[in-house]
Amino acid sequence: MMPLTLANTGEEQMIRKVGGNAETKKFLENLGFVAGSTVIIISEIGGNVIVNIKDSRVAVSKEMAAKIMV
């Protein structure tokens with residue numbers, strides 16, 4: 001397992017776990033970041049990532065991406 005911030009651009013990854021406090025987990029789950037979902041990093045700028053998840057593009061800060069384990 002590794003944080004989403006270390007995943008390679010363009011590779012499909014399976015979300016294994018979402019960390020953080022209850023508020024952070026709920027926020028990420030509402031965006032579609034739930035265990036078992038697949039995510040693809042489209043681009044990375046300064047640690048912040050743009051990902052494809054559930055047919056949507058979502059921008060996530062590096063702090064949030066570090067809480068998503070793949």
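**Strands, a helix cap and a buried valine**

In the hairpin formed by β3 and β4, two residues lie between the strands, and glycine 46 takes a positive phi near 60 degrees. The model is predicted: local features need pLDDT of at least 70, side-chain atom pairs count only at pLDDT 80 or more, and totals for chains, interfaces and linings use all residues. Residues are numbered from 1 along each chain as its sequence is written, and side-chain values use heavy atoms, with hydrogens and water left out.

Helices (H or I, at least four residues) and strands (E, at least two) are DSSP runs, numbered from the N terminus. Two strands pair if DSSP finds at least two bridges between them. β3 pairs with strand β4 (residues 48-53) in the antiparallel sense, over six bridges. Here isoleucine 45 has asparagine 48 in β4 as its bridge partner. Strand β1 (residues 12-14) also pairs with β3 (residues 38-45), antiparallel and over three bridges. Glutamine 13 stands opposite valine 39 in β3.

Helix α1 spans residues 22-31, and asparagine 21 caps its N-terminal end. A side-chain oxygen of asparagine 21 lies 3.2 Å from the backbone nitrogen of glutamate 23. Just after α1, glycine 32 takes a positive phi of about 110 degrees.

Valine 58 belongs to strand β5 (residues 56-60). Valine 58 is buried, with a relative accessible area of 12%; buried means under 20%, exposed over 50%, and partly exposed in between (1.4 Å probe, protein chains only). Beyond its neighbours within four places in sequence, valine 58 is in contact with Leu31, Phe33, Val49, Ile50, Val51 and Ile53. Contact means heavy atoms within 4.5 Å. The C-alpha atoms of valine 58 and isoleucine 42 are separated by 9.5 Å.

Technical notes. Polar contact = N/O pair within 3.5 Å; in protein donor to acceptor, adjacent residues only side chain to side chain.
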